[in-house]
Amino acid sequence: MLIDGYYSGLDAEVGVTETATGTDWQSWQESWDRQQEWYMPDREERFRVMLDMVEAVVGPEPRILDLACGTGSITDRLLQRFPNATSTGVDLDPALLTIARGTFDGDDRVTFVTADLKDPDWTTRLPHTSYDAVLTATALHWLHSEPLAVLYGQLGGLVRDGGVFMNADRTIDPATPRINAAERAHRHAAMDRAKAAGALDWAEWWAVAAKDPVLAGPTAERFAIYGEHADGDMPSADWHARTLLASGFGEARAVWASPSDSLVLAVK
């Protein structure tokens, strides 16, 4: 309901509230997390291992680049665990960046940059020329293999010597089609059960965002940029490791894996 120019009350679908002082960005963050967990029930485990490896390799006060940051999920977990860390979030999605900027407004440890990772000059928009760690999750499958290899080459020049790059994403091994099919069927059966219990999928979450008075405009802009679905590739973890080694990293391998996803770590 609308009270004094602000929406107040609970959205029954996602639990997003509007307060007397403006948008409840934390509720939007939590609703995004729930939607993502519908696809990836082990999402928090991936984040935990990612931050374990940040601490192990570069320490507890890193300067990180949150690549294709979305709502700032990695940055949020990073700062909870490492209060003296700093983060630059970079993305092109105007709706998710609106949520990110609202969530971290006033936190001088965090900077957000709007940039297209396919733009050869995107790194010139960043506030720093090198980072201890570049972290990304569930994002680079939007890129085909060729532009992703180009991006990895750029990251080879952005991560400091001794620093790390980590990519947690869906990885498909074409050498195991029966395993892939069995995993997919099992995963989708679990997703169907969760959906029947009320979980929102990607399209439903965005439909709610499109109705929000603050996010409606940015949501329309994001669909004009990206369209409905990812059009990229999902190469194997081995492909990622080999491509990172060819991009100037000294070591690279998967440090965590589920039947469908991998966390690939590369050390400069």
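This is a predicted model: local features need pLDDT of at least 70, side-chain atom pairs count only at pLDDT 80 or more; totals for chains, interfaces and linings use all residues.
Residues are numbered from 1 along each chain as its sequence is written, and side-chain values use heavy atoms, with hydrogens and water left out.

View 1. Helices (H or I, at least four residues) and strands (E, at least two) are DSSP runs, numbered from the N terminus. Contact means heavy atoms within 4.5 Å. Glu251 has a relative accessible area of 57%, so it is exposed. The scale is this: buried means under 20% relative accessible area, exposed over 50%, and partly exposed in between (1.4 Å probe, protein chains only). Now look for Val208. Glu251 and Val208 are 43 residues apart in sequence, and their C-alpha atoms are 43 Å apart in space.

**View 2. Ser73 in helix α3.** Helix α3 spans residues 73–81 and includes Ser73. Ser73 counts as buried because its relative accessibility is 7%. Its side chain makes a polar contact of 2.9 Å with the side chain of Arg43. Another polar contact, of 3.5 Å, joins the side chains of Ser73 and Thr71. A polar contact is a pair of N or O atoms within 3.5 Å; within protein, one must be able to donate a hydrogen and the other to accept it, and residues adjacent in sequence count only if both atoms are side-chain atoms. Not counting residues up to four places away in sequence, Ser73 touches Trp32, Asp33, Arg43 and Phe47.

**View 3. Helix α1, residues 25–39.** Helix α1 has 15 residues. From first C-alpha to last, α1 reaches 22 Å, close to the 21 Å expected at 1.5 Å a residue. The expected span is 1.5 Å times one less than the number of residues. At the start of α1, a side-chain oxygen of Asp24 comes to within 3.3 Å of the backbone nitrogen of Gln26. Buried residues in α1 include Trp25, Trp28, Trp32 and Trp38.

**View 4. Where α1 packs with α4.** Helix α4 covers residues 94–103. The two helices pack at an angle of about 130°, with their axes 9 Å apart. That angle makes α1 oblique to α4. Axes are lines fitted to C-alpha atoms, for helices over the stretch in contact, and angles run from 0 to 180 degrees between N-to-C directions. Angles under 35 degrees count as roughly parallel, over 145 as roughly antiparallel, 65 to 115 as roughly perpendicular and the rest as oblique. Trp25, Gln26, Trp28, Gln29 and Trp32 in α1 meet residues of α4, among them Leu96, Ile99 and Thr103.

**View 5. Two loop residues, Ala68 and Thr138.** Ala68 sits in the loop between β6 (63–67) and α3. Its phi is near 55°, a positive value in a residue other than glycine. Thr138 lies in the loop between β9 (131–137) and α5 (145–158). Phi of Thr138 is also positive, near 55°. Thr138 counts as partly exposed because its relative accessibility is 22%.

**View 6. Arg187 in helix α6.** Helix α6 runs over residues 177–196 and holds Arg187. With 16% relative accessibility, Arg187 counts as buried. Not counting residues up to four places away in sequence, Arg187 touches Tyr39, Arg170 and Ser260.
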